[in-house]
Protein chains: 2
Amino acid sequence: MKLVVIGGDAAGMSAASQARKRLGPDELSIVVFERGHFTSYSACGIPYWIGGAVDDRDKLVARTPEEHRKAGIDVRLGHEVVGIDLDRREVLAHNLDDGGEVRQPFDHLVYAAGATPVMPEWARVRDAGVFGVQTLGDGEAIHAWLDRKPEPRNAVVIGGGYIGVEMAEAMVLRGLKVTLLDKAPQPMGKTVDPDMGALVQKSMRGLGIEVVTDAHVDGLETEGGRVRAVVTPDGTLPADVVVLGLGVRPNTALAKEAGLPVGSTGGIRTDLRMRVEGLEGVWAAGDCVETQHLLTGRPVHVPLGTHANKQGRVAGINIGGGYATFPGVIGTAVTKVCDLEVARTGLTSKEAHAAGYSFVTATVDSTSRAGYYPGAELMTVKLIAERRTGLLLGAQIVGRNEAAKRIDALAVAAWNRMTVEEMTALDLSYAPPFAPVWDPVLIAARKATEAVHASL
Amino acid sequence: MKLVVIGGDAAGMSAASQARKRLGPDELSIVVFERGHFTSYSACGIPYWIGGAVDDRDKLVARTPEEHRKAGIDVRLGHEVVGIDLDRREVLAHNLDDGGEVRQPFDHLVYAAGATPVMPEWARVRDAGVFGVQTLGDGEAIHAWLDRKPEPRNAVVIGGGYIGVEMAEAMVLRGLKVTLLDKAPQPMGKTVDPDMGALVQKSMRGLGIEVVTDAHVDGLETEGGRVRAVVTPDGTLPADVVVLGLGVRPNTALAKEAGLPVGSTGGIRTDLRMRVEGLEGVWAAGDCVETQHLLTGRPVHVPLGTHANKQGRVAGINIGGGYATFPGVIGTAVTKVCDLEVARTGLTSKEAHAAGYSFVTATVDSTSRAGYYPGAELMTVKLIAERRTGLLLGAQIVGRNEAAKRIDALAVAAWNRMTVEEMTALDLSYAPPFAPVWDPVLIAARKATEAVHASL
């Protein structure tokens, strides 16, 4: 049996590895086509490599092509798949290095081509200091650019989502003067509610990042093949390097051409086993697929490494003759700006409204440890609960010092469709170095319960 | 209407405060009898006050008697209740300061007399440097003893549970030479499985604590009214101060005398609303009650401040005319030894076995952050899952740097009766500063799932 995988990062290599774990080389041949020159790397780690917290690119690589090859996976780097023929069951790939062409037959195909950064027309300038942040190759290019002489001094980051915020911090750590442009009224507007986003904005400004909200970009000015400025209706911002954090889109051009079904989010549609809908032996996983949001029942596109790994694993187990499913997501995410941690799960107020929910919110300020214990830091917890039923719809945390990872308890509560009133009784861990005697999560659940009662 | 509360710490004052919140002074009078001289303090914080992390006793007091009085709660310090007359509906209290006697009638009674440290016969020596650690008064006495001249140099801590381990650390931080005697083969034997306890023991020894396991104590040697040594079958250990961490028992002598029902654990039996079983208008909460373990259905006695607060709150809401329940516990707890964090939820292997479960275990070593991210530290996660069904029965975490609080996600999973296979799909937060792309909890769930499959 022959397995072909398109894309050699988290989803594709997880699928390949799991299939290999179940079927030996005699039972299954595995060929992976990867356009770039790395496999199984942490794209999420790129901002920390740029910022210097991680000192070596190779640390971001969980498993090298050589390691995969030793495990019996034929990884072909520098190979771009340009065609999928579902009738003949083969893919056509170009060897980008030598211009050669490869036709590779398959019994099983895993489509794991990832996502591509959103690039407005004006940003499509090559080798000019304008970067998306998606692949390890992108990270290398940014590093090289920042090391040029004369060294870039002014950075403009466009977009205030995760990547934008993380890259803005990275640039500050590199000593650049950083401006972040966000079209929304505050950064992380898609991630958290405005009141929580305001806390993030304040923290970014405290870092020395110039945060410009409600911003619009008209275009770029270049000179001698290098970006020189970002042009906005409010004036021209000097820029020696521009980073785009405008989100990503599923990379599905090839899939659409071959007839793979694409959903309303732009992602490929799969069933719970990550099999492409309606197609036998064709699987998809990672940033190129859509999945189900368990609190709305609707399809969503959530490009995150953790989902990509799980989905790839599920596909690989099923290809290998096992049984596994990926039931969906509830929208958990976490990041930090310097020492300010930001986390969310479930739906934001805006998302809950869009889904048709009527809801109440409760926001509490508490501390990460007992107030009297050294290192206790303020943390803010916001809960969103359905009116009347009290169903936990969403949660957001902003704080310092071990605040953010507490979102996991809330994620598991939302996953299990708990009500905020049930949550007030939860047996969460308590000791002074770890929490106040009423954990902030419990205080928030109490306040949300009162809000639900008031909504009856 | 008249409410009398016996005991002015977490449970009693939570009940009083919640009742007061719902009923004003015209509707409800509230009298609290407290034997000591503090209210609403964090007993769990005492070791950190002794060790110096908390510099001031008053920081441990969440609410002073004066603050409660201002809120309309008549707190009587130095008053020991010596009799409860359920027929006449009154309590008899002694004023310990002036020898006076008070008869106080009630419509509602809250029994929140807490627990008392287990004290073997040989330990019942007054003013000799032998201490239990239960009340803020105990903490004061220890502080005063350590400040005596000549300063104590050798400390022996007897018992390797939370209090023993925390007090051993506190004594090291005070510069004493510390020996911890535990009758079990490793410290924290009631809290975690032996393999996890071995990690704790190693860490304690690294701190310079002499840990003696399988230990027995024959008695104490005193000289001139001061303890001088602890006598064991293996020799005599010099001791200028002895701390007992042999656990606590529900303080129910008075309750039993009055006819309140006491269960097999020694704790008072209540219903879910914290009403004493079979008695109208009589409530109990905190370290003196037993509660239900949600994973065994059996009564347990779990004396923890977090439960005391919740139970007191529930009692107070119900007394005040509201509705609230305390459904039970699943055995979550957390502590630390210097920078080694230890957490648990659900059942240990021993407890699961005693409850009649057949189970598998899975232990994984991972890191608290992405392996390449600064500050990533080893953490060990152990899961206990029911054979065949895969029901999560228990979890234990030992690690550093934000490892322990992750137990909460596992606690919520166990609370919701998830299986380890369901847990492999959980949408937990991921970003390199907060977790590897496979969170240690997910890796453990994967391994436990494999163990469950193998048990089919």
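Predicted model: local features only at pLDDT ≥ 70, side-chain atom pairs only at ≥ 80, totals over all residues.
Q: How many residues of chain B are in contact with chain A, and what is the area buried between them?
A: The size of an interface is often given as the accessible area lost when the parts come together. Contact here means heavy atoms within 4.5 Å, and buried area is the accessible area (1.4 Å probe) that two parts lose on being put together, summed over both. In this model 62 residues of chain B are in contact with 62 residues of chain A. The buried area is about 5,300 Å², and carbon and sulfur atoms give 64% of that.

Q: Which polar links are counted between the two chains?
A: Two rules apply. A salt bridge is a side-chain nitrogen of Lys or Arg within 4 Å of a carboxyl oxygen of Asp or Glu. A polar contact is a pair of N or O atoms within 3.5 Å; within protein, one must be able to donate a hydrogen and the other to accept it, and residues adjacent in sequence count only if both atoms are side-chain atoms. Between chain B and chain A there are four salt bridges, and 17 residue pairs are in polar contact, both residues being at pLDDT 80 or more.

Q: Which elements of chain B give two or more residues to the side that touches chain A?
A: Elements are DSSP runs numbered from the N terminus: helices (H or I) have at least four residues, strands (E) at least two. On chain B the list reads α1 (10-22), α8 (305-319), β21 (333-337), α10 (407-415) and α12 (440-454). The largest share, seven residues, comes from α10(B). For a cross-chain example, look at Lys21(A) and Glu450(B), whose side chains form a salt bridge (3.8 Å, N to O).

Q: How do I read burial for a salt bridge, say Glu402(B) with Arg369(B)?
A: Buried means under 20% relative accessible area, exposed over 50%, and partly exposed in between (1.4 Å probe, protein chains only). The closest N and O atoms of Glu402(B) and Arg369(B) are 3.0 Å apart. This pair links distant parts of the chain, 33 residues apart: Glu402(B) sits in the loop between β25 (392-399) and α10 of chain B, Arg369(B) in the loop between β23 (359-367) and β24 (378-386). Both residues are buried. Arg88(B) and Glu90(B) also pair up, at 3.7 Å, N to O; Arg88(B) is exposed at 59%, whereas Glu90(B) is buried at 10%.

Q: What should I look for in the backbone, in the omega of Pro150(A) and the phi of Arg417(A)?
A: Start with omega: the peptide bond from Lys149(A) to Pro150(A) is cis, with omega near -10°, and Pro150(A) lies in the loop between α4 (136-146) and β10 (154-158) of chain A. In chain B, the bond from Lys149(B) to Pro150(B) is also cis, with omega near -10°. Then check phi: Arg417(A), not a glycine, has a positive value near 55°. Arg417(A) is in the loop between α10 (407-415) and α11 (420-423) of chain A and is partly exposed at 42%. Asp127(B) has a positive phi too, about 55°, and is exposed at 66%.

Terms used: Residues numbered from 1 in each chain as written. Chains lettered and ligands numbered in written order. Heavy atoms only, no water.
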